[in-house]
Amino acid sequence: MKSIITLPASSQALAFDGEPSDAELDAIEQELPLILAERDLLDVEIALLDRPVTELDAQRLRRHRRRVLAARRDLTNRTTAQSGGAA
């Protein structure tokens, strides 16, 4: 059997308190519209799993897919504009 050697903890590992940093919270806040749009799309898809899709359901599904695409586009454009890169 091989022995397990414990490595000394680095100062960064000791400083981690389990909470997200301010930069991580800012990134989450920036992505929140996309997260919410994807959640709403998933809710619609789950609702349609066990029943036939009507025309109204299909419209709902298309509308939520468009919202996800728009949120992705906006996030990508915002990220590109902040980094100063050309699209």
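## Basis

Residues are numbered from 1 along each chain as its sequence is written. The model is predicted, so local features need pLDDT of at least 70 and side-chain atom pairs count only at pLDDT 80 or more, while totals for chains, interfaces and linings use all residues; side-chain values use heavy atoms, without hydrogens or water.

## Overall fold

The chain holds three helices and zero strands. Both types are DSSP runs, numbered from the N terminus: helices are H or I with at least four residues, strands E with at least two. The order from the N terminus is α-α-α.

Of the 87 residues, 14% count as buried. Buried means under 20% relative accessible area, exposed over 50%, and partly exposed in between (1.4 Å probe, protein chains only). The chain exposes about 7,500 Å², with 58% supplied by carbon and sulfur atoms. Areas come from the Shrake-Rupley method with a 1.4 Å probe; for residues, only the protein chains shown count as cover. Among contacts (heavy atoms within 4.5 Å) between residues at least 6 apart in sequence, 53% join residues at least 24 apart.

## Helix H3

Just after H3, Gly84 adopts a positive phi of about 80°.

The buried residues of H3 are Asp57, Ala58, Leu61, His64, Val68, Ala71 and Leu75. Helix H2 (22–47) is part of what covers them.

The largest nonpolar core has nine residues: Leu34, Ala37, Leu41, Val44, Leu48, Leu61, Val68, Ala71 and Leu75.

Setting aside neighbours within four places in sequence, Leu41 contacts Leu61, His64, Arg65 and Val68. His64 lies in H3. It counts as buried because its relative accessibility is 10%. Beyond neighbours within four places, His64 contacts Asp40, Leu41 and Val44.

## Surface patch

Leu25, Ile28, Leu32, Ile35 and Leu36 form a nonpolar surface patch, with about 390 Å² of accessible area together. Patch residues have over 30% relative accessible area and no salt bridge; nonpolar side chains (Val, Leu, Ile, Met, Phe, Trp, Tyr) are joined within 5 Å, like charges within 9 Å. A salt bridge is a side-chain nitrogen of Lys or Arg within 4 Å of a carboxyl oxygen of Asp or Glu.

Ile35 lies in H2. Its 38% relative accessibility makes Ile35 partly exposed.

Methods: A nonpolar core is a set of buried Ala, Val, Leu, Ile, Met, Phe, Trp, Tyr and Cys residues joined through side-chain atoms within 4.5 Å.
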